[in-house]
Amino acid sequence: ISKKNGFGRALRKLVKWLLVLLLAFLVGTCAYFGIRGYALYEQASERESVAQMAEGIRVSSAYVDLEQLPQVYLDAVVSVEDHRFYQHPGFDVLATARALFNDIRAGSIVEGGSTITQQLAKNEFFTQEQVVERKVAEVLMAFDIERQLAKEEILELYVNSIYFGDGYYGIANACAGYLGKAPADMAAWESVLLAGVPNAPSAYAPTQNFDLSCQRQRQVLVRMVKYGALAQSEADAIAAQTPASLPR
């Protein structure tokens, strides 16, 4: 019995030290990427301020104010990209945790979890490289953006700068290029269709594969119903209005 007790104590001691080493490794890893991410954030902040970033987007001749955009388009963007946009401070813990769980389960990056503010920070201040330190820098920059700009300003900057495929940046250029009209003149089905494109512009661009962009549109409609932006009957009506091919 004494030998068994001795073996049990040794095993518990070994497990305890392994847990201590694992914890130390995790703390060290977090500190490493945290320091590198902060340095990356500082470099980006020194190159360009949030105010300069915003002004750089606003000077575009194709810039449009939120008031010129259909409400259904804005609701679609928030529903599909960041449904807690008006509640979080730039970083959504729940969305990030969900994305991390789904990525681990899939064994690859299948979900990003980035907020609209993080996407704006990434697109305007950093590269698209998927590295941990860039993600840390992106979150820090998102906090800066949220402190200095109102939610409406952030959303406005986002839709005026996001890439829609086929060389079109910003909703006005996308409307002109794909639909031949101004954003204010978009029909509901067009608004929801374009709201889904930036997730994967090369795949969802209407001129590349209209059937696929319509599949994405239906996914956006599902999100809009789920988060209360549309009733199911309204979503069904929008889907029914969508033509079989892109009008020219």
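## Burial and helix H7

A residue counts as buried when its relative accessible area is under 20%. In this predicted model, 9 of the 11 residues of H7 are buried, so this helix is largely enclosed by the rest of the structure. The buried residues are Lys151, Ile154, Leu155, Glu156, Leu157, Tyr158, Val159, Asn160 and Ser161. What covers them includes helix H2 (50-58) and helix H3 (71-81), together with H5, helix H6 (132-148) and helix H8 (171-179).

## The chain as a whole

The secondary structure comes to 12 helices and 0 strands, and the pattern read along the sequence is accordingly written α-α-α-α-α-α-α-α-α-α-α-α. The chain has 248 residues, of which 42% count as buried. When contacts between residues at least 6 apart in sequence are considered, 65% of them join residues at least 24 apart.

## How H5 packs on H7

One of the elements covering the buried residues of H7 is H5. Helix H5 (residues 116-125) and helix H7 (residues 151-161) pack with their axes 10 Å apart and at an angle of about 50 degrees, which makes H5 oblique to H7. The crossing by which H5 passes H7 is left-handed.

On the H5 side the contact is formed by Ile116, Thr117, Gln119, Leu120 and Glu124, and these residues meet Ile154, Leu155, Leu157, Tyr158 and Ser161 of H7. By residue class, the contact of H5 with H7 divides into 6 nonpolar, 3 polar and 1 charged.

## Aromatic pairs

A pair of aromatic rings is described by the distance of the centres and the angle of the planes. A search of the whole structure finds 5 such pairs, and two of them are described here. The rings of tyrosine 38 and tyrosine 41 have centres 5.6 Å apart and planes at 50 degrees, so the pair is tilted. These two tyrosines are 3 residues apart in helix H1 (residues 2-47), and they are therefore separated by about one helical turn. Tyrosine 38 is partly exposed, with a relative accessible area of 41%, whereas tyrosine 41, at 13% relative accessibility, counts as buried.

The rings of phenylalanine 85 and tyrosine 86 have their centres 4.9 Å apart, and their planes stand at 75 degrees, so this pair is edge-to-face.

Valine 93 lies in helix H4 (residues 93-106) and, at 55% relative accessibility, counts as exposed. Valine 93 and serine 114 are separated by 21 residues in sequence, and their C-alpha atoms are 9.7 Å apart in space.

Aspartate 166 lies in the loop between H7 and H8, and H8 is among the helices that cover the buried residues of H7. Most residues other than glycine have a negative phi. Aspartate 166, although it is not a glycine, has a positive phi of about 55 degrees. With a relative accessibility of 35%, aspartate 166 counts as partly exposed.

Definitions and conventions: Residues are numbered from 1 along each chain as its sequence is written. This is a predicted model: local features need pLDDT of at least 70, side-chain atom pairs count only at pLDDT 80 or more; totals for chains, interfaces and linings use all residues. Side-chain values use heavy atoms; hydrogens and water are left out. Axes are lines fitted to C-alpha atoms, for helices over the stretch in contact, and angles run from 0 to 180 degrees between N-to-C directions. Helices (H or I, at least four residues) and strands (E, at least two) are DSSP runs, numbered from the N terminus. Angles under 35 degrees count as roughly parallel, over 145 as roughly antiparallel, 65 to 115 as roughly perpendicular and the rest as oblique. A crossing is left-handed if the near helix is turned anticlockwise from the far one by less than a right angle, and right-handed if clockwise. Contact means heavy atoms within 4.5 Å. Ala, Val, Leu, Ile, Met, Phe, Trp, Tyr, Cys and Pro count as nonpolar, Asp, Glu, Lys and Arg as charged, and the others, Gly among them, as polar. Rings of Phe, Tyr and Trp (its six-membered ring) pair if their centres lie within 6.5 Å; planes under 30 degrees apart count as stacked, over 60 as edge-to-face and the rest as tilted. Buried means under 20% relative accessible area, exposed over 50%, partly exposed in between (1.4 Å probe, protein chains only).
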